[in-house]
Amino acid sequence: MLWVTGPRPHVDGAACAWLIRRFVDPAATFAFASDLDGVLALGGTPFDMPAVELGRRGERCAFESVLLKFELTDDALDELAAIVHDAELDDGMYSTPEAPGVEAILRGLRLTAADDAAYLAAAAPLFDGLHALFLDLDT
């Protein structure tokens with residue numbers, strides 16, 4: 001399935017791409033469009049874009065919207081959601097100590113990646129590692 005987000009995704013977009021590929025659609029492919037007309041032209045499912053189901057809704061970040069839509073529940077994903085929320089929205093809702101570091105690492109990866117697809121690929125191991133850490137802490 002094709003999934004579409006905006007160009008130059010930030011923390012939420014990278015985290016959503018990881019979540020989608022890891023838990024929703026292992027064969028997911030990703031494309032980038034500036035607006036919903038671009039999404040429609042590509043024929044994909046939009047995420048982390050304004051006014052879409054898998055975007056920011058109320059106080060939720062897009063990552064939290066994906067968790068809710070696909071009923072993904074485990075404590076490790078909840079920990080990740082709090083970090084993504086804090087790093088993306090900077091509203092102090094969770095005050096996770098990891099958020100600034102995650103945001104800095106992802107900003108650096110985005111600056112060094114050849115393109116948006118390479119950035120999403122480079123970001124995935126960060127989320128794999130955090131998820132594994134939080135799974136381990138739960139045991």
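Predicted model: local features only at pLDDT ≥ 70, side-chain atom pairs only at ≥ 80, totals over all residues.
The salt bridges number 5. One of them joins Asp116 and Arg8, whose closest N and O atoms are 3.0 Å apart. Because Asp116 belongs to helix 6 and Arg8 to the loop between strand 1 (2-5) and helix 1 (11-24), this pair ties together parts that are 108 residues apart in sequence. Asp116 is buried, with a relative accessible area of 10%, whereas Arg8 is partly exposed at 40%.

Arg22 lies in helix 1, so the pair ties together parts that are 106 residues apart in sequence. Asp128 is partly exposed at 32%, and Arg22 is partly exposed at 42%. A further salt bridge links Arg56 to Glu88, with 2.8 Å between the closest N and O atoms. Here the loop between strand 3 (45-46) and helix 3 (62-69) is tied to helix 4, the parts being 32 residues apart in sequence. Arg56 is partly exposed at 43% relative accessibility, while Glu88 is buried at 15%.

Arg110, in helix 5 (residues 99-112), is buried at 18% relative accessibility. Beyond its neighbours within four places in sequence, Arg110 is in contact with Arg8, Pro9, His10 and Tyr119.

On the surface, Asp75, Asp78, Glu79, Asp136 and Asp138 gather in a patch of negative charge. Helix 4 (75-89) and helix 6 (116-138) each give two or more residues to this patch, and the largest share, 3 residues, comes from helix 4. Asp136, in helix 6, is exposed, with a relative accessible area of 51%.

Key. Residues numbered from 1 in each chain as written. Heavy atoms only, no water. Patch = residues over 30% accessible without salt bridge, like charges linked within 9 Å, V, L, I, M, F, W, Y side chains within 5 Å. Areas by Shrake-Rupley, 256 points an atom, 1.4 Å probe, with all protein chains shown as cover. Salt bridge = Lys/Arg side-chain N within 4 Å of Asp/Glu carboxyl O. Lys, Arg positive; Asp, Glu negative; His and termini not counted. Charge placed at Lys NZ, Arg CZ, Asp CG, Glu CD. Helix = DSSP H or I, 4+ residues; strand = E, 2+ residues; numbered from the N terminus. Buried < 20%, exposed > 50% of the residue type's maximum accessible area, 1.4 Å probe, protein only. Contact = heavy atoms within 4.5 Å.
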